[in-house]
Amino acid sequence: MNAFTILFSLVFIADIILAAAGAKEYNAQKAELELYKHSYPLRSFMFIGYGFVRFFYKPNNTDNKIHRMYIRRYRNTEKAEQKMRDYTAHNVTFAAVSILLGSFLSAVSFIKSHKPSEALIIAAVGVAGAVFSGLIGKKRETDANDKRNALIVSELPVVMNKIIVRLESGAAMSVILTELGDRAKTDPNPLYEELEKVKIDLHNNLGLTRALTDMQKRCMSPAVTRFVNVLVQNITKGTADCSQELEQIAREMWAEKKSGDIIRCKSKRTKLTIPTMLVFAAVLAMMMIPALKKVTETNNGGNSYAIYDSQSFSDGSSVERSYSVLRTGSEK
């Protein structure tokens, strides 16, 4: 048995042990993973990652950027801790699958070719995939968080306009926010999910000011902070110009959104310049090559064709003659 086969066997046995250790937590979290299946593409193999988490994971790791992000979002230590375990388990699963696949392919390569250099390169690629899996997972999570914050900010002016209309009709702020929170069932925007949490806090008698402050801490966005400050000021001090302030903020946000859209359109138009030039060059070449070919043939005298003629004599014999005629560019 060669070294690469031994390596694959050891990796496979280690994965079996981790899978057995993490099966219980995987079964407990299976429904949750299925609910967020886009975030966990390797969820079917995550019992391996949960086994690693069971043996090596350190809880309450607040130095981790992803963990702090979960704490801000969920405002619940247990929920944030479980999300961090899921995130770690998925990254470890990705790394384990990469190493297992690399070791298997390296063993097969060595058995077939008996070239240790090729097998070593394949094994190194598997290890590199395991190393980069953590970076890929972190980038996926931070990108998803940035996208979530962008969706909240883009929907905030619409929500403020709805609040203004309801305030001018005489509705109470708590009633307005409760109605907006009910939209989370039909609208996938995360802002309505945050307002639904505000509604739940109100039903739990937490208080409107505290509920809005918790929403501000979860979102960690300057636009949401400004929006919440206006509402809290209206609730605590009873200011009469709440609608005017919200309208001013909404107008400014619409202007920022419009300018941002213009900038993004210009950048996309700049990025499309080179592909457009390449397509134009390809079309121009398709049109010009046949024309240039015809012009070249004409300048070279064109090609020739043969004419055959026969002459008969009185004794019954005949002679066949041929003439080579040059075709010019003017002939049809």
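**Note on the predicted model: loops, cores, pocket and salt bridges**

1. Met220 is exposed, with a relative accessible area of 51%. Here exposed means over 50% relative accessible area, buried means under 20%, and partly exposed lies in between (1.4 Å probe, protein chains only). Met220 sits in the loop between α8 and α9. Its phi is near 55°, a positive value in a residue other than glycine. Helices here are DSSP runs (H or I, at least four residues), as are strands (E, at least two), numbered from the N terminus.

2. Basis of the note. This is a predicted model, in which local features need pLDDT of at least 70 and side-chain atom pairs count only at pLDDT 80 or more, while totals for chains, interfaces and linings use all residues. Residues are numbered from 1 along each chain as its sequence is written, and side-chain values use heavy atoms, with hydrogens and water left out.

3. His114 is placed in the loop between α4 and α5. It is exposed, at a relative accessible area of 57%.

4. The largest nonpolar core has 34 residues. A nonpolar core is a set of buried Ala, Val, Leu, Ile, Met, Phe, Trp, Tyr and Cys residues joined through side-chain atoms within 4.5 Å. Ile163, Leu177, Phe227 and Leu246 have the most contacts inside this core. Two or more residues come from each of α5 (116–168), α6 (173–181), α7 (190–203), α8 (208–219), α9 (222–237) and α10 (242–271). The largest share, seven residues, is from α9. In soluble globular proteins, nonpolar side chains tend to be buried together.

5. Which residues does Leu177 contact, leaving aside its neighbours within four places in sequence? They are Ile163, Leu195, Val198, Leu208 and Leu212. Contact means heavy atoms within 4.5 Å.

6. Ile48 lies in helix α2 (residues 47–56). It is buried, at 9% relative accessibility. Not counting residues up to four places away in sequence, Ile48 touches Asp15, Leu18, Ala19, Thr93 and Ala96. Ile48 and Ile16 are 32 residues apart along the chain, and their C-alpha atoms are separated by 7.6 Å.

7. The largest pocket has a volume of about 1000 Å³. Pockets are found on a 1 Å grid over the protein atoms alone: a pocket is an open set of points where a 1.4 Å probe fits, with protein on both sides within 12 Å along at least five of seven lines, and lining residues have an atom within 4 Å of a point. Grid points are joined across faces, edges and corners, and the volume is the space filled by probe spheres set on the points.

8. How many residues line the largest pocket? The lining has 32 residues, and Tyr36, Ser39, Arg73, Ala144 and Arg148 lie nearest the centre. At least two lining residues come from each of α1 (3–35), α3 (65–74), α4 (77–113), α5 and α7. α5 gives the most, with 10 residues. By class, the lining has 13 nonpolar, eight polar and 11 charged residues. Ala, Val, Leu, Ile, Met, Phe, Trp, Tyr, Cys and Pro count as nonpolar, Asp, Glu, Lys and Arg as charged, and the others, Gly among them, as polar.

9. The whole structure holds 14 salt bridges. A salt bridge is a side-chain nitrogen of Lys or Arg within 4 Å of a carboxyl oxygen of Asp or Glu. One of them joins Arg85 and Glu25, at 2.8 Å, N to O. This pair links distant parts of the chain, with Arg85 in helix α4 and Glu25 in helix α1, 60 residues apart. Glu25 is buried, at a relative accessible area of 19%.

10. Lys197 forms a salt bridge with Glu194, the closest N and O atoms being 3.9 Å apart. The two are three residues apart in helix α7, so they are separated by about one helical turn. Lys197 is partly exposed at 27% relative accessibility, whereas Glu194 is buried at 0%. Arg148, Glu194, Lys197 and Arg218 are linked in a network of salt bridges.

11. Lys115 and Glu118 also meet in a salt bridge (3.9 Å, N to O). Lys115 is partly exposed, with a relative accessible area of 43%. Glu118 is partly exposed too, at 35%.
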